[in-house]
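Grab a pencil and work through the exercises below. Each one has a task, then a solution that goes step by step.

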Number of protein chains: 2
Amino acid sequence: MRVSTRVEYGLMAITDIALHSENGGSVSTTEVAERQKISQKYLEQILPLLRQAGLIKAQKGLRGGYRLSRPANKIVIADVLNALDDSILAEMEIPEEEEDGALRGCINECLWGKINKKLSDYAKSVTLGEFLAECREKNTVEWDLYVI
Amino acid sequence: MRVSTRVEYGLMAITDIALHSENGGSVSTTEVAERQKISQKYLEQILPLLRQAGLIKAQKGLRGGYRLSRPANKIVIADVLNALDDSILAEMEIPEEEEDGALRGCINECLWGKINKKLSDYAKSVTLGEFLAECREKNTVEWDLYVI
DNA sequence: TAAATACCTATTGACATAGTAGGTAAATAA
DNA sequence: TTATTTACCTACTATGTCAATAGGTATTTA
């Protein structure tokens with residue numbers, strides 16, 4: 001499953017913010033852009049999506065930046081995906097009424113309904129906190145450098 | 001998860017063909033287009049994708065049309081999706097090397113890798129035949145009208 | 001007061017989607 | 001043989017989304 005860079009960058013950004021605000025400080029777009037090698041200007045359009053969804057808080061001005069609105073283990077991946085893209089976890093349209101022989105409704109309900117449920121259940125079951133922990137485990141060496 | 005009409009129509013078409021060629025005959029684009037209410041001209045661009053993937057066979061000329069290349073229970077949904085779209089079951093790119101602090105690789109491997117595996121495993125596990133049976137069960141009344 | 005920050009809007013080039021349109025080749029039925 | 005039906009191929013178009021780039025505004029802090 002291939003997703004847009006908007007989603008990719010958004011996930012990278014909130015993960016980066018979660019990591020680097022653990023000490024209580026804020027994380028600026030400049031920092032995120034540099035660490036993650038993302039266009040800062042493009043990031044400036046993506047982060048407000050996460051803020052509008054209530055996942056991160058912004059602080060303007062010098063020493064400002066972003067931090068999580070709530071603990072990382074209270075944010076599930078589905079929250080992040082829905083903030084960044086309205087189609088990934090969306091259902092396929094099921095026609096109200098269908099003529100005999102028409103298969104659209106059946107396919108969208110039976111097939112895509114199940115696929116979407118698997119996807120959605122997983123995205124709702126994994127928290128950002130769990131994801132961070134998993135990534136830490138995978139890259140113990142490097143991560144120890146800047147994780148508290 | 002929302003997909004393109006190309007994928008939606010392609011799934012409808014191969015399902016329709018599977019159903020209506022059970023007696024040994026062929027199914028023309030005209031028939032599929034009428035039954036499924038799809039633009040015939042657009043269908044004519046989609047069905048060759050399924051043929052090139054070896055899932056259906058074409059017969060030109062009068063009384064021609066399409067039929068399955070092999071039994072419906074030997075075709076898995078993943079085959080159909082891959083024939084119609086190269087991104088649905090594709091993996092996200094994982095960078096060769098990454099600087100410290102970069103998260104792209106971790107996210108694409110840990111997160112999208114797992115999501116893709118769930119998706120892919122399911123699509124490989126369900127055959128077109130099973131899907132047909134399931135749809136039949138769900139719509140017993142209408143389906144009995146034209147299923148052998 | 002100056003600098004740094006978030007934030008907003010407009011613009012752009014590239015690409016994909018969802019068709020429409022017209023024509024060609026092959027197979028069949030008459 | 002001939003007309004018709006079919007698959008198939010190519011080109012075109014309108015629309016929308018993506019992935020930025022660019023410039024400017026408001027706010028906060030040092």
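**Exercise 1. Work out whether A:Glu8 is buried or exposed, and what is around it.**

Step 1: find its place. A:Glu8 sits in helix H1 of chain A; helices here are DSSP runs of H or I with at least four residues, strands are E runs of at least two, and both are numbered from the N terminus.

Step 2: check the accessibility. A:Glu8 has a relative accessible area of 4%, so it is buried. (Buried means under 20% relative accessible area, exposed over 50%, and partly exposed in between, with a 1.4 Å probe and protein chains only.)

Step 3: list the contacts, meaning heavy atoms within 4.5 Å. With neighbours within four places in sequence left aside, A:Glu8 is in contact with B:Met92, B:Arg104 and B:Asn108.

Step 4: A:Glu8 and A:Leu81 are 73 residues apart in sequence, and their C-alpha atoms are 9.5 Å apart in space.

A word on ground rules before going on: this is a predicted model, where local features need pLDDT of at least 70, side-chain atom pairs count only at pLDDT 80 or more, and totals for chains, interfaces and linings use all residues. Residues are numbered from 1 along each chain as its sequence is written, chains are lettered from A and ligands numbered from 1 in the order in which they are written, and side-chain values use heavy atoms, with hydrogens and water left out.

**Exercise 2. Do likewise for B:Asn116 and B:Ser28.**

Step 1: B:Asn116 belongs to helix H5 (residues 104–125) of chain B. Its relative accessible area is 3%, so it's buried.

Step 2: beyond four places in sequence, B:Asn116 is in contact with A:Met1, B:Ile88, B:Leu89, B:Ala90 and B:Glu91.

Step 3: B:Ser28 is in the loop between H1 and helix H2 (29–36) of chain B. With 19% relative accessibility, it counts as buried.

Step 4: B:Ser28 touches B:Gly64 and B:Gly65, once residues up to four places away in sequence are set aside. From B:Ser28 to B:Ile115 it's 87 residues in sequence and 37 Å in space, C-alpha to C-alpha.

**Exercise 3. Describe how chain A can be laid on chain B.**

Step 1: superpose the copies by least squares on the C-alpha atoms of residues with pLDDT of at least 70 in both. A turn of 180 degrees with a shift of 0.0 Å along the axis gives an RMSD of 0.0 Å. That's the relation of a two-fold axis.

Step 2: look at the interface. The copies meet through the same surface, because 100% of the interface residues of chain A are also interface residues in chain B.

**Exercise 4. Which residues come nearest to DNA strand C, and which elements supply the surface near it?**

Step 1: a residue is near a strand if one of its heavy atoms lies within 4 Å of it. There are 26 residues around DNA strand C, and A:Arg51, A:Leu62, A:Tyr66, B:Lys41 and B:Gln45 come nearest.

Step 2: sort by class. The surface has 7 nonpolar, 12 polar and 7 charged residues. (Ala, Val, Leu, Ile, Met, Phe, Trp, Tyr, Cys and Pro count as nonpolar, Asp, Glu, Lys and Arg as charged, and the others, Gly among them, as polar.)

Step 3: pick out some atom pairs. A polar side-chain atom of B:Ser39 is 3.0 Å from a phosphate oxygen of DNA strand C, and one of B:Tyr9 is 3.1 Å from a phosphate oxygen.

Step 4: name the elements. Those giving two or more residues are helix H3 (40–52), strand E1 (56–59) and strand E2 (65–68) of chain A, plus helix H1 (5–20) and helix H3 (40–52) of chain B. H3(A) gives the most, with 4 residues.

Note on methods. Polar contact = N/O pair within 3.5 Å; in protein donor to acceptor, adjacent residues only side chain to side chain.
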